[in-house]
Amino acid sequence: MMRSEAKRETCETASDREEVYAMKKFDNIEDFKQLEETCTALGNFDGVHVGHQTLIRAAAEKAEEKGLASAVFTFSNHPKSLIPGARPVKNIVYSEEKEALIEKLGVDYLVNIPFTEEIMRMSPEAFVKTFLKDKMNAKEVFCGFNYHFGYKGEGDTKMLRILGAKYGFHVNEVKPVSVDGDIVSSTLIRNMIMAGEMEECSKYLGRNYDIGGEVVVGNRLGRSIGFPTSNIMIDESMVTPPNGVYITYCIYNGVKYPSITNVGVKPTIGTFKKNMETHIFNFNKELYGKMIKIEFIKKTRDEVKFAGIDELSAQIAKDCREAKAYHGL
């Protein structure tokens, strides 16, 4: 099976010999002159949700069928970030996770470049010639039903087909993917996260939503009442779930530990900046200064201001019992 000139390695197991392919990544368009002939998936892929996965997987399958290299052409920042006065678009996936998720879909080349003023002002035809013809060497192109490109989004799938006929590639328009009757979109997923609908969110993402950060020193109240926590500050670049208590997993050094997490400002004990504090069950390692990720499973209640520490402690014990039961502990 031929998949491209991308890096190939082999590994041996006791029972068989398996080929392993490493995706080649470019974060600057100047890093390569022209790729081999490709089947290229187009999109922002800002969540790599189940709709994005369907599109990229279809492109990879077509590439294998046609004997082409599979490629993804996308942007490392959201195009809306360049619109004057526009509200910043919060991320729902980290860049390294985006790359890893795309690689798992069988992609040979990932071109993940910054969306710049120059690109924003390109005409649709200039965009196609510069990137799809001259750089990606596209012979097959896959895009979503609502794909737009070029200055002010003037290019659509109809124009892409016309330009494809001129520049030698065929366009495959992928139908929208629906979950529970709703078309999957990054906007919908962001709204679910902001509403605390984590179980619903996971169905649209195809995985649990997670936020990472460095563990910082907290007020150590949890330790004093028997529920030690690892505290991380809110990553302002990511969409943040609303204040409340969540059943979670804590990921440390690639290992996933059952946990419970409070997102909020700790109203019972004072005035604090919003953060996340996680109690990891059956865990006694010191994590200060370490990087962890919190994977959200289910919201169990809103954050509440209690009458005092005793009432808070009793509620935390109840929350932990519920979370442990969910985790099967």
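Modeller: A salt bridge is a side-chain nitrogen of Lys or Arg within 4 Å of a carboxyl oxygen of Asp or Glu. This is a predicted model, in which local features need pLDDT of at least 70 and side-chain atom pairs count only at pLDDT 80 or more, while totals for chains, interfaces and linings use all residues. Residues are numbered from 1 along each chain as its sequence is written, and side-chain values use heavy atoms, with hydrogens and water left out.

Colleague: What makes Asp-46 and Arg-190 a salt bridge?

Modeller: Their side chains come to 3.0 Å, N to O, and the cut-off is within 4 Å, so the pair qualifies. Asp-46 lies in the loop between S4 and helix H1 (50-66) and Arg-190 in helix H6 (residues 186-194), so the bridge ties together parts that are 144 residues apart in sequence. Helices (H or I, at least four residues) and strands (E, at least two) are DSSP runs, numbered from the N terminus.

Colleague: Why is Thr-74 called buried?

Modeller: Buried means under 20% relative accessible area, exposed over 50%, and partly exposed in between (1.4 Å probe, protein chains only). Thr-74 has a relative accessible area of 0%, so the residue counts as buried. Thr-74 is found in strand S5, and a polar atom of its side chain lies 2.8 Å from the backbone oxygen of Asn-44.

Colleague: Which parts does the pair of Glu-99 and Lys-25 tie together?

Modeller: The side chains of Glu-99 and Lys-25 meet in a salt bridge at 3.3 Å, N to O. Glu-99 lies in helix H2 and Lys-25 in strand S3, so this pair links parts that are 74 residues apart in sequence. With 22% relative accessibility, Glu-99 counts as partly exposed, and Lys-25, at 46%, counts as partly exposed too.

Colleague: How many salt bridges does the structure hold, and what share of the protein chain counts as buried?

Modeller: The structure holds 15 salt bridges, and of the 329 residues of the protein chain, 49% count as buried. The secondary structure of the chain comes to nine helices and 16 strands.

How values were computed. Polar contact = N/O pair within 3.5 Å; in protein donor to acceptor, adjacent residues only side chain to side chain.
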